[in-house]
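Look at the model first, then read on.

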Amino acid sequence: MGELGGFLRIQRVGFDKRDPAQRVNDYDQYFTLQSDEELQQQGARCMDCGIPFCHEGCPLGNLIPDWNDLVFRDRWQDAIVQLHATNNFPEFTGRICPAPCESACVLAVNDDPVTIEQIELSIVERAYEEGWIVPEPPDRRTGKTVGVIGSGPAGLAVAAELNKSGHFVTVYERDEGPGGLMRFGVPDAKLPKSVIDRRVAILKAEGIRFEYGVDVGVDVTADELREEHDAVVVAIGSRVPRDVESPGRELSGIHPAMDYLYQRNRWVAAQEGRASRAPAPGTEIVAAGKNVVVIGGGDTGMDCISNANREGATSAKILDVYQELPEGGRDERTPWPLPPKRTETTYALEEGGERRWGTEVYAFSGEDGKVTHVHARKVVGSSSRDLKVVEGSEYTLPADLVLIAIGFTHPEHDGLVDQLGVEKDPRGNVKTMKTYRTSTEGVYACGDARIGQSLVVTAIAEGRKCARIVNRDLGGSPMDADREKLAIGAWDGEVDHTLRHEADVAGNVRLGEDFFSGPGGPI
């Protein structure tokens, strides 16, 4: 802390990161939270802006100033209530969300933003420690059943919300555990899988069924699933990887990044005695002792570098077509409050490896059918769509393993999507005709399967919104009727936090019926 212009100034204090030289030797979480006392001080940095741009930056519309203030006031239990009001899984977003809310923080205009993500994570972790997060199964059941296909953040969110409304929900997952790319694409150093298991245990206790190892469209047909459930939600993500079309692409040793990450996460699971699938003999992807080149500089590319370093790669380089960031790290093409496409450094680069900006791969070469070199050149441009080659900038890099991490095109069509007969949009995503409803009656879609690859926070928001539509189409629920009665004053004595109840509790406020009425009658 220090004095500035007569006012107490509190500097931003982020996550406490472990020593890169030490953490690269294990797969434990690479950071820890600050003390509660420090986090209270960090909460004080929030200015409770008249127009909180952090709300606009967050796809979930999290009540950020509210729980920042509650942490500052040492009201942690109230803070988790506010946090869960908009976010089912803050322990996920608090770890792996790129925090567009922080980019939109008004302080970020000319200072470091509030450490929103850390405060969010601290709230939910404190809530688990104190025993405030417990199963809350619905009081009654509607008798309606919903099948959710995919257990990523969108699938988990839509399942959680529909279960709260009293519907019977079954989640079908083709892999051996829940979480989707959170489990198999994100390294344990960023998101320990025990965090996913902890939340899923809560969901199970609340009544949600999980069926693992079930590939809908293969092990069970889409028609069979539709016959079993009153509604079906497609939340399978966007899993068809983008590829590079360059000479030499057919050489062995060149793989989609997610193939590598799946194997590494399963390897870690096997070491810890968790359920895992070993790769088929001859399909192993190994970075140890190799020159690794990653194409693509986003989060997936950085996760590849992180794993390659932990495996003991001889070298690890990431080739990024984006231009180098200017001093200060804010690209003029993404001014405040827009989130940046790239950051000055990442947890992976702190541990080792090299990033080369403005670089495009134009060919591969090898020996005996195996890749040995990557041929690259410098490029300029604002994005991958308008790149211009810098003449005479070509060079060659040794490469024994090449990982392509340039995103995904659309969800897989073979099997489920084709069997459902749903329409697709021009990009190959599942098209929703009206809100989250597909062209097939009783079938809905949400998350990356509907909108294309996005963020974990967007996927959760998609699941929550989709659940409202499904619930409405299923006729609502008894709990919906209760909420409507409470809104017009039929309070049964239970705490419900409606405006009428709060007025009654206050004792010195008497609101007449006219207050709860408008041009259309009672609300």
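Lys 193 is part of helix H11, which covers residues 193–205. In this predicted model, Lys 193 has 2% relative accessibility, so this lysine counts as buried. Beyond residues up to four places away in sequence, Lys 193 touches Met 182, Arg 183, Val 186, Pro 187, Asp 188, Asn 265 and Arg 274. One of these partners, Met 182, is 11 residues away along the chain, with 8.3 Å between the two C-alpha atoms.

**Whole chain**

- The chain carries 20 helices and 24 strands.
- Of its 523 residues, 51% count as buried.
- Among contacts with a separation of 6 or more, 68% join residues 24 or more positions apart.

**Glu 176**

- Glu 176 sits in the loop between strand E6 (168–173) and helix H10 (181–184).
- Its relative accessibility is 15%; the cut-off for buried is under 20%, so Glu 176 counts as buried.
- What does the side chain of Glu 176 contact through polar atoms? One partner is the side chain of Arg 266, at 2.9 Å.
- The side chain of Glu 176 also reaches a backbone atom, the nitrogen of Arg 277, at 3.3 Å.

- Helix H8 spans residues 116–130, 15 residues in total.
- From first to last C-alpha, H8 reaches 21 Å, close to the 21 Å expected at 1.5 Å a residue.
- H8 is mostly covered, with 13 of its 15 residues buried.
- Gly 131 follows H8 and has a positive phi, near 80 degrees.
- Helix H9 (residues 153–164) has 12 residues, which should span 16 Å at 1.5 Å a residue. Its end C-alpha atoms are 17 Å apart, which agrees.
- H9 is also mostly covered: 11 of its 12 residues are buried.
- The buried residues of H9 include Pro 153, Gly 155, Val 158, Glu 161, Leu 162 and Asn 163.
- Just after H9 comes Gly 166, with a positive phi of about 100 degrees.

**Nonpolar cores**

- The largest nonpolar core holds 92 residues.
- Which residues have the most contacts inside this core? They are Ile 123, Val 233 and Val 470.
- Helix H18 (residues 456–473) gives the largest share of this core, 9 residues.
- Another core lies apart from it, with 17 residues, including Ala 222, Leu 225, Val 430 and Val 443.
- Val 470 touches Val 146, Leu 162, Ala 231, Val 233 and Tyr 444, leaving out residues up to four places away in sequence.

**Aromatic pairs**

- The structure has 8 aromatic pairs.
- One of them joins Phe 53 and Trp 336 in a tilted arrangement, 4.8 Å centre to centre and 50 degrees between the planes.
- This pair links distant parts of the chain, 283 residues apart. Phe 53 is in helix H3 (residues 53–57), and Trp 336 is in the loop between strand E12 (315–319) and helix H15 (347–351).

**Charges over rings**

- Arg 141 places its charged end over the ring of Phe 168, 5.0 Å from the ring centre.
- Arg 264 lies over the face of Trp 267, at 4.6 Å from the ring centre.

**Phe 72**

- Phe 72 belongs to helix H4 (residues 64–72).
- At 36% relative accessibility, Phe 72 counts as partly exposed.
- Its contacts, apart from neighbours within four places in sequence, are Gln 40, Gly 43 and Ala 44.
- Gln 42 is 30 residues from Phe 72 along the chain, and their C-alpha atoms are 7.6 Å apart.

Terms used:
Residues numbered from 1 in each chain as written. Predicted model: local features only at pLDDT ≥ 70, side-chain atom pairs only at ≥ 80, totals over all residues. Heavy atoms only, no water. Helix = DSSP H or I, 4+ residues; strand = E, 2+ residues; numbered from the N terminus. Expected span 1.5 Å × (residues − 1). Buried < 20%, exposed > 50% of the residue type's maximum accessible area, 1.4 Å probe, protein only. Contact = heavy atoms within 4.5 Å. Core = buried A, V, L, I, M, F, W, Y, C linked by side-chain atoms within 4.5 Å. Phe/Tyr/Trp six-rings, centres within 6.5 Å; stacked < 30°, edge-to-face > 60°. Lys NZ or Arg CZ within 6 Å of the ring centre and 35° of its normal. Polar contact = N/O pair within 3.5 Å; in protein donor to acceptor, adjacent residues only side chain to side chain.
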